[in-house]
Amino acid sequence: MIEVFLVLLVTALSASLLGVFLVLNKQVMTTDALSHTILLGIVLAFFITDELRSPLLIIGAAAVGLITVYLIEFVTRSGLMKHDAATGIVFTGLFAAAVILVSRYADDVHLDIDVVLMGQVLFAPLNRIDIFGISLPYALVQLTILLMINTLFVLLFYKDLKVSSFDPVYAAAAGISTVLIHYSLMTLVSITAVTAFDAVGSILVISFFAAPAATAYLVTKRLSHMIWLTLSTAAFNSLAGCALGYFTDTSIAGSVAFISLLTFFIVFIFNSTRLLSKVYKKA
Amino acid sequence: MTEIAVSVKNLTVAYNNAPVIQNLNVDIKKGSRTAIVGPNGAGKSTLIKTIMKLIKPVAGQSFIGGSEAKSALKTVAYVPQKGEVNWDFPATVFDVVLMGRYVHKGLFKRPNQTDKNIALSALDTMKMTAYKDHQISELSGGQRQRVFLARAIAHNASIYIMDEPLQGIDITTEALIIKTMKQLQSEGKTFLVVHHNLTTVPEYFNDVILLNKEIITSGPVADVWTEGNINAAYQEKGDKEWTS
Amino acid sequence: MDILTSYSFLVVALGTVILAAAAGIIGSVSVLKGQSLIGDAVGHATFPGVVLAFMLTGVMETSILIIGAVSLGIIAFLLINMMTERSKISLDSALAIVLSGFFGLGMALKSYIQGNPNFNGTQGIDDFIFGQAAYILKSDVYLISLISVISLILFLIFYQQIKIYVFDPVYARTIGINVKLINVLILIMTILLIAAGLKSVGAVLIVNILIAPAVIGMLWSNKFSSVLAVAACAGALSAFSGTYISTALTGIATGPAIILSLSICVIISMLAAPKGIVLKKYRMKKLGESL
């Protein structure tokens, strides 16, 4: 059980850290899109390799995730439709294709649609890898490496990320490559979504990207504070959700996603009532 | 011969099918306070965004300090229009001003104590030191504009490009911005400002560009700021041709 | 050919065609208002409603499950509204939080009843995630038709008001249109259609039949009434071919099949429609030559 929690925790931290910038840039629904469409990449790569544990699956999925981002932006830039309509159309189209491929051609293998949405975090510890003689869950190792990469990215590009999400025009005018920053961020988001998706399913991935960062955004005044609070909230949500799922014997991924919504609302209500009292004082 | 800070040659910019700016030629003198004036849709914001290489022109070139390269943009500080910024961003006044130093820091480098001191003194110039730790969403329109000018000062640019900096702000801030502009001009800085208030043009600027898709006229305010030229810019010129 | 004349196929196809035509028309409003993805969040949010309705009543009766779906859909919408109006949270973040939180609740509840001997016949719940027209009953088709027809009649009655509201809400208010009422009306129609479509299209992909027909319509015309007409036709056509494919070939869920048909229509329209890429390139080239 400890290992299940650790997998959740590391996933939550890697996704929510990038989620900070997605929330600030109003791009969270893009993760909704790509966390669904990566299934198409997994399926296609599976047809090529015929093996579920191949690293090609991850690469294929990450590639399709990126293609999703590019496609949405290409369609939006062409001026044919608005960004939100493009998001909705691109993701449902690619996901529908994936669902049909899975149900028609891969029904007999372990590519269950339910698992795609809901993940199987309970099974994550079953897949193990030996490092320096210590047996560790494969997913945990994978996600820990990813967490380190994401942390390094945010540390190195902190000021560029900050100025390009606060004031993109100024940033671009000052010669900071906002396009490069944007695509690097989305590449990492895509890779994180794929890796996390395998363990916790697409719905919880979206929740990890959105909920902790939005919760922190409600109450913080500085970016650095927002990042710390996001990470703490993500850890809390994983712990509380994991416990809820464990004790009620329900889907752990589902419980964590639901708890994340609750945490947000508790902070939301606390925050708006305090604002109310401020208004009363002034009046 | 006076030095040229910004130069635009044969510039044409189009969105979709309609040209917004057509065959534009203009030079902005180094050390000038130049206003860009014209009716809505005249292409004022488009012009400055093209100068900053944010929009790719259909034809023509723009030069900053004689250079067409993107790296020349480092000498330019941009003061954005209010709507372009995410006001709910979790940043304090000091954070925003410090962003003006980012351009001088290569990849991976954080602002150091010198940068912080520069930011503090820029805040002092704009009389915003008391608000240093306030979140930007708590500021009034005038205060926000002061913060942005402070950021441009911290940037230590030689050319300041501003998009309607005086729109919707209080008189004190307006006076302070103009005073600061004149002070910086005396240090050799150039200002290129999109301006909407026709009555204050002669008082605030020494050069003016009258724009309506193409240059109506440009030059020293004393020479070109005439009723005839202003009317020429503000009549709905050539509109039927392009809106069809 | 025998499928096309089979009675059960025709019944199911009739249901999906009416539904998609109605969704195309009603969905146009949210697309024009730039709120396309609300349907996605509300669609996902109906899932726990279906499970809850089943848990409370113990019967797998479509009309009861739809009531559950509509209730949770409305709650989700109200929460999204509250979040965006009373805090600095953007619509984008609000949608993602509500979508994942509600669907997560559905997942938890579903896993609870599946492991519980008190609940029998939970298998049917999965059909609400991706839609399976093969299991659609005649009574389901009546329900879908009823909901679609009611939505369309409401839309027709308020057509003028809706039209003004879509293009200029401020003006609409000044000439005395009850903007709040129109808003609520559109919302209820949308949620009802989503709930009606769950069994044939599914909660995850339902947003597509609300957006894609409208986008197709907007590519072919600038006139509101023509946009709606094209949207309805595109929706109906894709629903028919999707249902056909899903019935003719084994192992293909109906929802994804309809959506793939719609996606093909979108791609064709993006290229060939009057406002599409090909003609636009041609016009730009002409402009370049004339300069």
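**Exercise 1. A pair on one helix**

Work out why A:Arg77 and A:Glu73 are separated by about one helical turn.

*Solution.* Start with the positions: the two residues are 4 residues apart in helix α3 of chain A, so about one helical turn lies between them. Keep in mind that you're looking at a predicted model. Next, check the atoms. The closest N and O atoms of A:Arg77 and A:Glu73 are 3.9 Å apart. The cut-off for a salt bridge is 4 Å, and A:Arg77 does form one with A:Glu73. As a rule, side chains of opposite charge can pair when their charged atoms come close. To finish, count over all chains: the structure has 10 salt bridges.

**Exercise 2. The largest pocket**

Find which residues lie nearest the centre of the largest pocket, and which element gives the largest share of its lining.

*Solution.* Begin with the space itself, which is about 1600 Å³. Now go to the lining, made of 44 residues. Nearest the centre you'll find A:Glu73, A:Arg77, A:Val179, A:Tyr183 and B:Leu54.

Then sort the lining by element. Those supplying at least two residues each are α3 (55–77), α7 (158–166), α8 (168–173) and α9 (178–219) of chain A, β1 (4–15) of chain B and α14 of chain C. The largest share comes from α9(A), with 7 residues. Last, sort by class: the lining has 21 nonpolar, 15 polar and 8 charged residues.

**Exercise 3. Where chain C meets chain A**

Describe the contact between chain C and chain A: how many residues does each chain give, and how much area is buried?

*Solution.* First, count residues: chain C brings 62 and chain A brings 54. Second, look at the area. The two chains bury about 4700 Å² between them, and 77% of that is on carbon and sulfur atoms. On the chain C side, C:Lys88, C:Ile97 and C:Met107 lose the most area to chain A, together 13% of what that side buries.

Third, check the polar links. There are 9 residue pairs in polar contact between these chains, counting pairs with both residues at pLDDT 80 or more. The salt bridge count between chain C and chain A is 0.

Of the elements, α5(C) gives the most, with 18 residues. By class, the chain C side has 37 nonpolar, 16 polar and 9 charged residues.

**Exercise 4. A closed space**

Locate the largest cavity and say which residues line it.

*Solution.* Step one is a count: the structure holds 1 cavity of 30 Å³ or more. Step two is its volume, about 50 Å³ for the largest cavity. Step three is the lining: C:Thr62, C:Ile66, C:Asp140, C:Leu143, C:Ile144, C:Ala196 and C:Lys199. Two or more of these residues come from each of α4, α7 (138–157) and α10 (179–201) of chain C. The biggest giver is α7(C), with 3 residues.

Terms used. Residues numbered from 1 in each chain as written. Chains lettered and ligands numbered in written order. Predicted model: local features only at pLDDT ≥ 70, side-chain atom pairs only at ≥ 80, totals over all residues. Heavy atoms only, no water. Contact = heavy atoms within 4.5 Å. Buried area = accessible area lost by both parts, 1.4 Å probe. Salt bridge = Lys/Arg side-chain N within 4 Å of Asp/Glu carboxyl O. Polar contact = N/O pair within 3.5 Å; in protein donor to acceptor, adjacent residues only side chain to side chain. Nonpolar A, V, L, I, M, F, W, Y, C, P; charged D, E, K, R; others polar. 1 Å grid on protein atoms, 1.4 Å probe; cavity = no way out; pocket = protein on both sides within 12 Å on 5 of 7 lines; lining within 4 Å. Points joined across faces, edges and corners; volume = space filled by probe spheres on them.
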